[in-house]
Amino acid sequence: MPEFKIVVSDPEAKSDRGVAVKVIGDPELSYGIEEKEGRRIPRAKVHPELIKYLKAELGLITVRIWKDKSKGEKVNLTLHAVPDNSLDFQVIKVPEELLREKLGVGEAIGEAFRTRAFQIVISGDKAQKLIGMKIGDRIDGSIVGLPGKILEIRGGSDLSGFPMRPDIPGGVKKRVLLSGPPGFHPREDGERRRKTVRGNTITEDIVQINTVIIYPKKR
């Protein structure tokens, strides 16, 4: 059976709306095999006003914790925010095992943001439904835990990192002459290279599928 890593981008998430937070490990929050394998996003307790302030309408937040800021070393935790009025506005509780696995500590200082992108691993019948779909097709967001949302397939790649291209039909792998992405980023104007790429159709050889959330147009 196929297995895919679905990357979901939220085009309405802004990069400048963060809040400094204290991150506390909570042994009561589960961090099991589903979370460790990336099949489910870990849950975190968050004050509802913080969720509202971050405009995290999907219920997803990302906490960035610096391990060594001078070296640019950081850990990003994508979390499913569960409202908890008992917490202070700037306190987030996460699974203790997750925090110790990533940082080796029980508490840390970080910054919370509305999640701009996240990934979920799917397999079995869910993954099978994507076989034969193409770049540009739209799927129900419930496949990644976002019921009521629509995702548009924007691309993907195989195990070797060869990217899918919208202009190549089918599930083929072939070498083609490219003048731009995906698959080639020219360093000079007019530069062209022959590169190996994948077609626009999802097959079992694809391992990552890139999607974006489609929001209703604002009037």
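# Briefing on a predicted protein chain

Pro 186 sits in the loop between S11 and S12; helices (H or I, at least four residues) and strands (E, at least two) are DSSP runs, numbered from the N terminus. This is a predicted model, in which local features need pLDDT of at least 70 and side-chain atom pairs count only at pLDDT 80 or more, while totals for chains, interfaces and linings use all residues. Residues are numbered from 1 along each chain as its sequence is written, and side-chain values use heavy atoms, with hydrogens and water left out.

**The chain as a whole**

- The protein chain has four helices and 13 strands.
- Its C-alpha atoms fill a box of roughly 55 × 40 × 40 Å, taken along the principal axes.
- Of the 219 residues in the protein chain, 44% are buried; buried means under 20% relative accessible area, exposed means over 50%, and partly exposed lies in between (1.4 Å probe, protein chains only).
- The protein chain exposes about 12,400 Å², and carbon and sulfur atoms supply 46% of this area. Accessible areas come from the Shrake-Rupley method with a 1.4 Å probe, and for residues only the protein chains shown count as cover.
- Among contacts between residues at least 6 apart in sequence, 72% join residues at least 24 apart; a contact means heavy atoms within 4.5 Å.

**Charges**

- The protein chain has 40 positive and 31 negative side chains, and the centres of the two sets lie 5 Å apart.
- Lys and Arg count as positive and Asp and Glu as negative, whereas His and the chain ends are not counted. The place of a charge is taken as NZ of Lys, CZ of Arg, CG of Asp or CD of Glu.
- Arg 116 lies over the face of Phe 113, at 5.7 Å from the ring centre. A charge sits over a ring if NZ of Lys or CZ of Arg is within 6 Å of the ring centre and within 35 degrees of the ring normal.

**The aromatic pair**

- The count comes to one aromatic pair. Rings of Phe, Tyr and Trp (its six-membered ring) pair if their centres lie within 6.5 Å; planes under 30 degrees apart count as stacked, over 60 as edge-to-face and the rest as tilted.
- Tyr 53 and Phe 89 form this pair, which is edge-to-face, with 6.2 Å centre to centre and 75 degrees between the planes.
- The pair links distant parts of the chain, 36 residues apart: Tyr 53 is in helix H2 (residues 48–53), and Phe 89 is in the loop between strand S5 (73–83) and strand S6 (91–95).
- Tyr 53 is partly exposed at 37% relative accessibility, and Phe 89 is partly exposed at 33%.

- Leu 178 belongs to strand S11 (residues 173–178) and is buried, because its relative accessible area is 4%.
- Leu 178 and Lys 195 are 17 residues apart along the chain, and their C-alpha atoms are separated by 6.8 Å.
- Ser 179 lies in the loop between S11 and strand S12 (193–198) and is exposed, because its relative accessible area is 51%.
- The C-alpha atoms of Ser 179 and Pro 163, 16 residues apart along the chain, are separated by 15 Å.
- Pro 186 is partly exposed at 34% relative accessibility. Beyond its neighbours within four places in sequence, Pro 186 is in contact with Ser 179, Gly 180, Pro 181 and Glu 191.

**A backbone angle**

- Lys 55 has a positive phi of about 55 degrees although it is not a glycine. Lys 55 lies in the loop between H2 and strand S4 (60–68).
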